[in-house]
Amino acid sequence: MADKITVDLHPIFRSDRDIDQAVRNVIFRAARERIPMAEIIVGKGKKTLQNRVVKMLGAAHLKRLYRSVEVDPNNDGRVLVHF
């Protein structure tokens, strides 16, 4: 069993629909396969994408699937979701 699953949003950062789908897919897969952590790479930039992802993760239908979410303290271009 994998200890984490990673999704990189760099290639799709211009498509809101693709971002939403990628984040949902990684959260649902990690919860279904009991993977302890999902790593979402958002990049360091202006934090627009990071803020969008963190806000999306606050939605009730996703929030009930994970234990906690944090911006990686060692790399602020990553959002870590713990299950």
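**Exercise 1. Find the side chain with which histidine 82 makes a polar contact, and describe the surroundings of histidine 82.**

Step 1. The side chain of histidine 82 makes a polar contact with the side chain of glutamate 70, at 2.8 Å. A polar contact here is a pair of N or O atoms within 3.5 Å; within protein, one must be able to donate a hydrogen and the other to accept it, and residues adjacent in sequence count only if both atoms are side-chain atoms.

Step 2. Helices (H or I, at least four residues) and strands (E, at least two) are DSSP runs, numbered from the N terminus.

Step 3. Histidine 82 counts as buried because its relative accessibility is 16%. The classes are buried, under 20% relative accessible area; exposed, over 50%; and partly exposed, in between (1.4 Å probe, protein chains only).

Step 4. Not counting residues up to four places away in sequence, histidine 82 touches Pro36, Met37, Tyr66, Arg67, Ser68 and Glu70. Contact means heavy atoms within 4.5 Å.

A word on the model before you go on: it is predicted, so local features need pLDDT of at least 70 and side-chain atom pairs count only at pLDDT 80 or more, while totals for chains, interfaces and linings use all residues. Residues are numbered from 1 along each chain as its sequence is written, and side-chain values use heavy atoms, with hydrogens and water left out.

**Exercise 2. Decide whether valine 81 is buried or exposed, and list its contacts.**

Step 1. Valine 81 is also found in strand β4.

Step 2. Valine 81 counts as buried, because its relative accessibility is 0%.

Step 3. Leaving aside neighbours within four places in sequence, valine 81 is in contact with Ile27, Pro36, Met37, Ala38, Ile40, Leu57, Tyr66, Ser68 and Val69.

Step 4. Now try a pair of C-alpha atoms: those of valine 81 and glutamate 39 are separated by 6.4 Å, although the two residues are 42 residues apart along the chain.

**Exercise 3. Look at the loop that holds aspartate 72 and find the backbone nitrogen beside its side chain.**

Step 1. Aspartate 72 sits in the loop between β3 (68-71) and β4 (78-82).

Step 2. With a relative accessible area of 5%, aspartate 72 is buried.

Step 3. A polar atom of the aspartate 72 side chain lies 2.9 Å from the backbone nitrogen of asparagine 74.

Step 4. Beyond neighbours within four places in sequence, aspartate 72 is in contact with Arg78 and Leu80.

**Exercise 4. Step back and describe the whole protein.**

Step 1. Count the elements: there are 3 helices and 4 strands, in the order β-α-β-α-α-β-β along the sequence.

Step 2. Buried residues make up 35% of the 83 residues.

Step 3. Of the contacts with a separation of 6 or more, 66% come from residues 24 or more positions apart.

Step 4. Finish with the extent: the C-alpha trace spans about 30 × 30 × 20 Å along its principal axes.
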